[in-house]
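Visitor: Please take me through this one. I'd like to hear where each label comes from.

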Amino acid sequence: MKKSTKGWIKSLFAGTVIAAGISVAATGALAGETVKVGVSLPLTGDWAEYGDFIKKSVNMVINKANKDGGVAGKKIELVIADSRGDPKESVLIAQKFVGNPEIIAEIGDFSSSSCMAAAPIYEKASMAQVSPTASHPDFTKKGKNMFRVIGTQATEGPYNAKWAVEGFGAKTVATVYINNDWGVAANKYFTQAAEKLGAKVIAQEAFSPGEKDFSSVMSKIKRLNPDVLYLPVFYADGAAIMGQARRLHYKPTVLSTGSLYSEKLIEQGGKSVEGVMTSVAYFPSNPRPESMAFTKEFKATYNKTPNMFAAVGFDAATLVVAALKKSGAKDRASIGKALEGLGGLRGVTGDFDYSKSHDPVKEYAKIIIKDGKWVPVK
Amino acid sequence: MLEQLINGLTQGSVYALLALGFTIIFGTLRMVTFAHGEVFMGGAYVGLTLFTYLTPSLPLALLVAAVVTFIMGALIEIIAFRFLRNAPHFSSLLVTIGLSVILINLAQLIFGPETRSIPPALIEDLAFGEIQIFGFYVTYLQMAVLGVAIAMMVATYFFIEHTPIGLAIRATSQDHEAAYAMGVNVNRIFTLTFAVGSMMGGIAGVLIGLYYNVFYPTMGILLGIKAFSASVVGGLVSMPGAIIAGLTIGVIESFAVDFWNASYRHLVAFVFMIIILVIRPAGIMGKSGPMSGRGD
């Protein structure tokens, strides 16, 4: 009896070793051919257009890298997941990516809320989360594997505040912002800077995601009549806000975060969004050589003019490919270190040096909607 | 301030129209439907489809949406209520919740989960054409929303009070068995009432969809809850009560945004409703009204 138990344990042990051996061999064989990168983006829902532009650029970069021989002799394979702009969904995707040993880095997500919700999971797995767009200042504080491509609200907000107060001589400003992590931060950094510059903040109106009735709030803003109205919102809400303002015969001077830089805003807003202004880290007519090369390549590939979201998506993928090459695409932890060691990579939307901070410094261009088109502010 | 009043009345008339649908349905069937907001959403998407792909005509959109949501309502009544006539009330309630989820998912499949809008050029005249009244601008669409809502309310009142079918509906609402004994086809009256109530939801959908030019699958959820609450506050079986409550809630929301902050509008609306119900548990018009019956 005793002997047979021992034998049973022995054979179980042997079995485990064999099984483990097989699984190691299997990963080894696969890793020899491909290295996988997870992509988590909103591909359906209200932020689908943003996600689509980023995805297009990421695909373009990866396809090119593979054509040029891949990284460390391996082909890069993307695992793309749709987070629908829902932080809960991003968390599930993060768990799925982390649970797949073949995935060694991640590009995404779109919103700060999504990235920050998923951050602890990626951080625990030492997997780099490279977000093209998360601009909440706290995002990169969530761990040493969090990287962003875009500038933070802590720089974009004050930049726009300066534009409002010094550029337009605004004595009073008001904001209407979306009530989520990102919107609250965007509102905070703009209003704080505007006050510091001497303007008076006469209204700060938050609306819940999903709200579509802005008539009452725009009536109020119209009555208060601020010199500049600041809108940290996304295109679907932006179009609704401006349409309902127009119905009230209210034509405010509108500045917004770069989030409004979208063709969809013009498509949905029509005449109502004429004159809306924003500042962006990329614009198709940017004279920066990297920008010009990117614009040309994107147009040739997709027969479509890229926007800022395509540009930051391009930079995110370029950074990840560079880190994969530098680290030899060995394991997850090496990617974050490689990103920090890239040192002054010249991207489309600026230079990237993550050695001291994971928040890149940006230069902004001012743009405005004129005759149904985004054009640079003269 | 007058501008806020107009904003509030426009929004409130839509609440009222939806609340009226709840009231007619509850008044007759003595049952609540939780798919009403999704019927509203269905009506809105009918408007979107017709305007975008066929022709931007408001009367046509209203007519087609009315027919479509009338049929939707009849089907919901047959599935959720007629089949379950002898089952506990909870079963029907659950089926309407299930149907609302199915309808939302169906809309996501057909129209996509994103917010859609009619190309602005197509509704330019309707949404931004306007007349001036006492120095205030009122757009054609705003007038259409208010006008259609009022016309629907009057027509429903006339239909219930002054037609033979209305008489049968009132008889059924007072006593199902007695009406049946007097030769009223109670099943048919139930389906008809439900269909008419749903039709009002569908018309509200077209109006509000066009007014904001924003269409998305879950657009009926919060509005459905608001309208149901308005109908409860109004007394649940009282048509004037539903209208008064709907309009009041719309106006209160508008003023709440103005005096306080945009993010508190729903809070203020529901706090108001709770206060009303605490003071008058049966609602504003709970005790009387044309549809009030014996109760269960």
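Guide: First, the naming: helices (H or I, at least four residues) and strands (E, at least two) are DSSP runs, numbered from the N terminus. Residues count from 1 along each chain as its sequence is written, while chains are lettered from A and ligands numbered from 1 in the order in which they are written. This is a predicted model, with local features needing pLDDT of at least 70 and side-chain atom pairs counting only at pLDDT 80 or more, whereas totals for chains, interfaces and linings use all residues.

Visitor: Let's start in chain B. What is the reach of helix α4, and what is expected?

Guide: α4(B) covers residues 89-111, which makes 23 residues, and spans 33 Å from its first C-alpha to its last. The expected span is 1.5 Å times one less than the number of residues. That gives 33 Å here, so α4(B) comes out close to expectation. After the helix comes B:G112, with a positive phi near 85 degrees.

Visitor: Which residues of α4(B) are buried?

Guide: They are B:S92, B:V95, B:T96, B:L99, B:S100, B:L103, B:I104 and B:A107. To be called buried, a residue needs 20 or more other C-beta atoms within 10 Å of its own; with 12 or fewer it is exposed, in between it is partly exposed, and C-beta atoms are placed from the backbone. The cover over these residues includes α2 (36-54) and α3 (58-82) of chain B.

Visitor: What makes α9(B) mostly covered?

Guide: Of its 27 residues, 24 are buried. As for its length, α9(B) reaches 39 Å between its end C-alphas, close to the 39 Å expected.

Visitor: And why is B:N213 called buried?

Guide: B:N213 has 28 C-beta neighbours inside 10 Å; the cut-off is 20 or more, so it counts as buried.

Visitor: Over to chain A. Why is A:S126 called partly exposed?

Guide: A:S126 has 18 C-beta neighbours inside 10 Å, so it counts as partly exposed. It sits in the loop between α4 and β4 (128-131) of chain A.

Visitor: What is the peptide bond from A:G108 to A:D109 like, cis or trans?

Guide: Cis, with omega near -10 degrees. A:D109 belongs to the loop between β3 (103-108) and α4 of chain A.

Visitor: Where does A:N180 lie?

Guide: In the loop between β6 (172-178) and α6 (181-196) of chain A. With 18 C-beta neighbours inside 10 Å, A:N180 is partly exposed.

Visitor: What is A:N180 in contact with, leaving aside its neighbours within four places in sequence?

Guide: A:S113 and A:P209. "In contact" means that the two C-beta atoms, placed from the backbone, lie within 7 Å.

Visitor: How do you know that both faces of strand β8 of chain A are covered?

Guide: A:V228 and A:Y230 are buried on one side, and so are A:L229 and A:L231 on the other.

Visitor: How many bridges pair β6(A) and β8(A)?

Guide: Three, in the parallel sense. Pairing takes at least two bridges found by DSSP, so three will do. One of the links is from A:V173 to A:V228. β8(A) also has three bridges to β9 (residues 254-256), again parallel, including one from A:L231 to A:S256. Between β8(A) and β9(A) the chain passes through helix α8 (residues 235-247), a right-handed β-α-β crossover. "Right-handed" means that, with the strands pointing away from the viewer, the path from the first strand over the helix to the second runs clockwise.

Visitor: How many residues does the contact take from chain B and from chain A?

Guide: 25 from chain B and 30 from chain A. The elements giving two or more residues to chain B's side are α1 (2-29), α5 (124-128), β2 (136-139) and α11 (239-259). By class, that side has ten nonpolar, eleven polar and four charged residues. Ala, Val, Leu, Ile, Met, Phe, Trp, Tyr, Cys and Pro count as nonpolar, Asp, Glu, Lys and Arg as charged, and the others, Gly among them, as polar.
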